[in-house]
Amino acid sequence: MDGTRHAGAVLDIDLDALAENWRRLAARADGAVCAGVVKANGYGLDAGRVAPALAAAGCRNFFVATLDEAISLRAVLAEAEIHVLNGLPPGSASEFRAHGLIPVLNQLGEIDSWGAHARSARAERAPGTRRAVLHVDTGMNRLGLPAAEVERLAEDPGRLAGIEVALVMSHLACAEEPEHDMNARQLARFERLRALLPAAPASLANSSGIFLGRGYHFDMVRPGAALYGINPTPGVPNPMAEVVRLRANILQVRDIAEGESVGYGAAHRAAGPGRIATVPVGYADGYLRALSQRGFGMVAGVRVPIVGRVSMDLVTLDVSRLPAEQARPGTPVDLVGGGLDIDEVAELAGTIGYELLVRLGRRFRRVYRGGESPR
Ligand SMILES: *Cc1c(COP(=O)(O)O)cnc(C)c1O
């Protein structure tokens, strides 16, 4: 059932722009394989739509966070290599094998479990089901083998027996800040730790890491955010194409007199007579309440401020600057994209484009443009 036919707000997702972004990043990674990170349901945009569009552009390697995400992705991508970043949950090796998934092994216990699986007769009979990624921690202190565990593993290589190491990877903490000294430190640690492990292709860079230069590319790069149009180079014009646009039509317009207030808490008070347009998008849709009195809409190419609080289903815009005929019921308003960069909107809300993107809700009518024909 399509419960969004009369939603009033439209989330436009440009799959051609997504594919173009993948090609741009692949070109930047000069020679390294360009994967696609589609965790969190394709950063909220529906992995079932996003991943096939990336595959059609040439992407063969995908990363998700959880085993459940990987199983769902396998249903739409029969051929691709699907890697599971959060590792190997206890007792799940047979599910990885059944769906042809590649675990990212983040700790010695997972290596031992996968090793036992890889040395079993069932895995030996099924080529390709003994592959795994080894994740070494180079400073994130979140997931991955700490240096001491990599050293223990190097002294006891039998623990890896049977495992086909498809990739050795690590993850950058500060890649969007090219001047940050963590980048060079993590690079040096990565070089040292991978040399202790069996020879295998290597991967370090996320979206922003690709822009740190050749030394960070290794054999595979793993962009997520930049595919979806988030700027991987903050402070420098965005090299990516816009993928997401949130639009809605004005529901009502009213005149208000000086001193009148708008919305909950009477947070906005009109300094003079003006006009308020109400638009059917609210925090229930992931349009963050922190944008109260701070966000903007684009109406007829003009940037107008959100006044009053963002409520569950509605926002209010001060359209006093516009001639009445340019802001009427039915007039389209852009709230993300179309002149309002997603990173800028997120910053106004005190967060990052990633969070805004993954929260954009299911209540919008989602319109996918380009890419594969709809399933
Ligand atoms: C999320 C993630 C990525 C992608 O990062 P972006 O900044 O979105 O490009 C790459 N690698 C790992 C390990 C991740 O968790």
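Does Asp285 count as buried or exposed, and at what relative accessibility? In this predicted model, Asp285 has a relative accessibility of 2% and therefore counts as buried, the cut-off for that class being under 20%. The residue belongs to the loop that runs between strand E15 (274-279) and strand E16 (296-299). Its side chain makes a polar contact of 2.8 Å with the side chain of Arg363. When neighbours within four places in sequence are set aside, the contacts of Asp285 are Pro280, Met312, Arg359, Leu360, Gly361, Arg363 and Phe364.

The ligand was examined next. The space that it takes is the largest pocket. Around the ligand are 14 residues, of which Lys39, Tyr43, Ser207, Ala225 and Tyr354 are the closest. In the case of Ser207, an N or O atom of the side chain is 2.5 Å from an oxygen atom of the ligand. Gly224 contributes through its backbone, with an N or O atom 2.8 Å from an oxygen atom of the ligand. A nitrogen atom of the ligand, in turn, lies 3.0 Å from a polar side-chain atom of Arg222. On its own the ligand has 390 Å² of accessible area, and the protein covers 93% of this.

Helix H3 spans residues 47-57 and is mostly covered, with 10 of its 11 residues buried. The buried positions are Ala47, Gly48, Arg49, Val50, Ala51, Pro52, Ala53, Leu54, Ala55 and Ala57. At the start of H3, the backbone nitrogen of Gly48 has a side-chain oxygen of Asp46 within 2.8 Å. Beyond the other end, Gly58 follows the helix and has a positive phi, near 120°.

Helix H6 covers residues 108-118, and its buried residues are Leu108, Glu110, Ile111, Trp114, Gly115, His117 and Ala118. In an α-helix, residues three or four places apart point the same way, because each turn takes 3.6 residues. The buried set in H6 includes Ile111, Trp114 and Ala118. Packing partners of the buried residues of H6 are helices H5 (93-99), H7 (121-125) and H8 (147-155), together with strands E6 (102-105) and E7 (131-135).

Definitions and conventions
Residues are numbered from 1 along each chain as its sequence is written. This is a predicted model: local features need pLDDT of at least 70, side-chain atom pairs count only at pLDDT 80 or more; totals for chains, interfaces and linings use all residues. Side-chain values use heavy atoms; hydrogens and water are left out. Helices (H or I, at least four residues) and strands (E, at least two) are DSSP runs, numbered from the N terminus. Buried means under 20% relative accessible area, exposed over 50%, partly exposed in between (1.4 Å probe, protein chains only). A polar contact is a pair of N or O atoms within 3.5 Å; within protein, one must be able to donate a hydrogen and the other to accept it, and residues adjacent in sequence count only if both atoms are side-chain atoms. Contact means heavy atoms within 4.5 Å. A residue is near a molecule or strand if one of its heavy atoms lies within 4 Å of it. Accessible areas come from the Shrake-Rupley method with a 1.4 Å probe; for residues, only the protein chains shown count as cover. On a 1 Å grid over the protein atoms alone, a cavity is a set of points where a 1.4 Å probe fits but cannot get out, and a pocket is an open set with protein on both sides within 12 Å along at least five of seven lines; lining residues have an atom within 4 Å of a point. A molecule sits in a cavity or pocket if more than half of its atoms lie within 2 Å of its grid points.
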